[in-house]
Amino acid sequence: MELLATSATTTSLHYAFLPRKGLFGTPVSAGTERRCVRKVGPVKISAKFELKPPPYPTNALEPVMSEKTFEFHWGKHHRAYVDNLNKQIAGTDLDGKSLEDVVVITYNKGDPLPPFNNAAQVWNHDFFWESMKPGGGGAPSGELLQLIERDFGSFQKFSDEFKAAAATQFGSGWAWLLFKDNKLAIVKTPNAVNPLVLEGYPLLTIDVWEHAYYLDFQNRRPDYISVFMEKLVSWDAVSKRLEQAKLLV
Amino acid sequence: MELPVASAATASLQCSFLPRHGLLGALGHAGRERRCIKKVLPAKITAKFELKPPPYPLNALEPVMSQETLEYHWGKHHRAYVDNLNRQIEGTDLEEKSLEDIIDTSYNKGDILPAFNNAAQVWNHDFFWESIKPGGGGVPSGDLLRLIERDFGSFPKFVDQFKKAAATQFGSGWAWLAYKANRLNVGNAINPCPSEEDKKLVIVKSPNAVNPLIWDYHPLLAIDVWEHAYFLDFQIRRHEYISMFMDKLVSWEAVSFKLEQAKAQVAEREREDERKRRGEEEETFTPSEATTEEIYPVSDADADAL
């Protein structure tokens, strides 16, 4: 994931998935999938979130995560969150803000405003697709592995704890690995809640809403979680996020 | 739905879907799918919840709700809640309680104990299968229709409101039609519709496993909006599932029956409360505290003297 270019004009802005804290004073807004269109004066910016595709074709995670799942999960669910968010914020003072800003503002200290669910779910799903890759799984290395071993005892123990969090999030939600207070931690969250509002730097996530696994695994959530860990996790992405998180501490 | 038989020995106890209130002292206890096995002295009761089948074959709701959905939803999800609940309560003081009692106890004023999710989901799914039937849908009639029209304005307005509740329960959960005839202070939870208006129909939605029993309401109808309820048949199209549920699945007979039961329970509870209140008044009254004048009946002798 590239960091923001300072002189972005009409190109799409890609930004690393980082919480807004520490982003004040950085070049431009931390919006993903945002097209900022600058026209010749008077300067006019119209900002509308777009549905960002996963960084691989929708059949690339077969047979673990089917193309059919992608067609629904990305093509319908994720798309609906984006469309509904745009409808909700058009013409309001949230219009023009970065996605992360919208998430944090609408979380409203735990008393969420209507756009929160959609905004957070847009962010969560972007982050989720980037957390996986074809031929993923295996084990992390380098500093990430060191920190995992330091903070969980071993990679195996981390893996067990992460899987337990994902399996025991009752109802809909997510499980996360995050970097907080210079330590790694695992949290699970309900519905649309994510670590941006919990003051942590997300490094990895697994979607445990039933729609994420029902077509491929039906009620067998533990199988889905195991296969996610063994064959899907992109440790490269997680390592890169860790590097960025450390810069912001 | 039959009421429990007083002298059940090894037969399964069938009980209608009623909250426990009002069933205390009623025949048997309000345990669903519970097999109470009495053995020869010393009397030993082992109680284990069982997975109760829907009151129709698994393919009976086709094509609206597929057999495949029932096989997963009832055969795997519902079954898992039952099995997990039995494991959780074994050897604990919850083991001898009815399902409704376990829900009540484990809700624990919102700080839920581990058994709550499984217990409530067992109850919710039993209730859900009974809320629908092959060839369902249509419109209600009789007293139920009258109350719907009284409390929502019209049947279409009720339908719109119910569908909206079901559609807007974000994440996993349920939407309910319930009969609200309760005390404002429900003790165990925060009443979501607190008002002096009682004995009316309300629509409520709840997250995850929560159900109206915890608010001391009487559930009449439920729709499951966990994604597993509709994903195989409708994928993301929850609105369509909800519409089909209303058009082709709802068992208004079941809803009417539950309304009658709810009203009967409410009446019984009011009588109990009245008896209790009178009993307390009698206990607090003693002759030495009488403030009224002693009145001696006038006898014939007195009359003669006057």
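Let's start with the contacts of Asn124(A). Contact here means heavy atoms within 4.5 Å. Leaving aside neighbours within four places in sequence, Asn124(A) touches Trp174(A), Trp176(A), Ala192(A), Val193(A), Asn194(A) and Thr205(A). Asn124(A) sits in helix α3 of chain A. Helices here are DSSP runs of H or I with at least four residues, numbered from the N terminus.

A quick word on the source. This is a predicted model, where local features need pLDDT of at least 70 and side-chain atom pairs count only at pLDDT 80 or more, while totals for chains, interfaces and linings use all residues. Residues are numbered from 1 along each chain as its sequence is written, chains are lettered from A in the order in which they are written, and side-chain values use heavy atoms, leaving out hydrogens and water.

Back to Asn124(A). Is Asn124(A) buried or exposed? Buried, with a relative accessible area of 0%. The cut-offs are under 20% for buried, over 50% for exposed, and partly exposed in between, with a 1.4 Å probe and protein chains only. The side chain of Asn124(A) also has a polar contact of 3.1 Å with the side chain of Gln121(A). A polar contact is a pair of N or O atoms within 3.5 Å; within protein, one must be able to donate a hydrogen and the other to accept it, and residues adjacent in sequence count only if both atoms are side-chain atoms.

Stay on α3. Glu130(A) lies in this helix too. Glu130(A) is buried, at 12% relative accessible area. Its side chain makes a polar contact of 2.9 Å with the side chain of Lys52(A).

Now, helix packing. Two packed helices are described by the angle between their axes and the distance between the axes. Axes are lines fitted to C-alpha atoms, for helices over the stretch in contact, and angles run from 0 to 180 degrees between N-to-C directions.

Take α1 (residues 67-89) and α3 (residues 115-130) of chain A. They pack at about 140°, with axes 8 Å apart. That makes α1(A) oblique to α3(A). The scale: under 35 degrees is roughly parallel, over 145 roughly antiparallel, 65 to 115 roughly perpendicular, and the rest oblique. Among the contact residues are Phe70(A) and Trp74(A) of α1(A), and Val122(A) and Phe128(A) of α3(A).

Last pair: α4 (residues 142-152) and α8 (residues 235-248) of chain A. Their axes come within 9 Å and cross at roughly 80°. So α4(A) and α8(A) are roughly perpendicular. The contact includes Leu144(A) and Leu147(A) of α4(A), and Trp235(A) and Leu242(A) of α8(A).

Key
Helix = DSSP H or I, 4+ residues; strand = E, 2+ residues; numbered from the N terminus.
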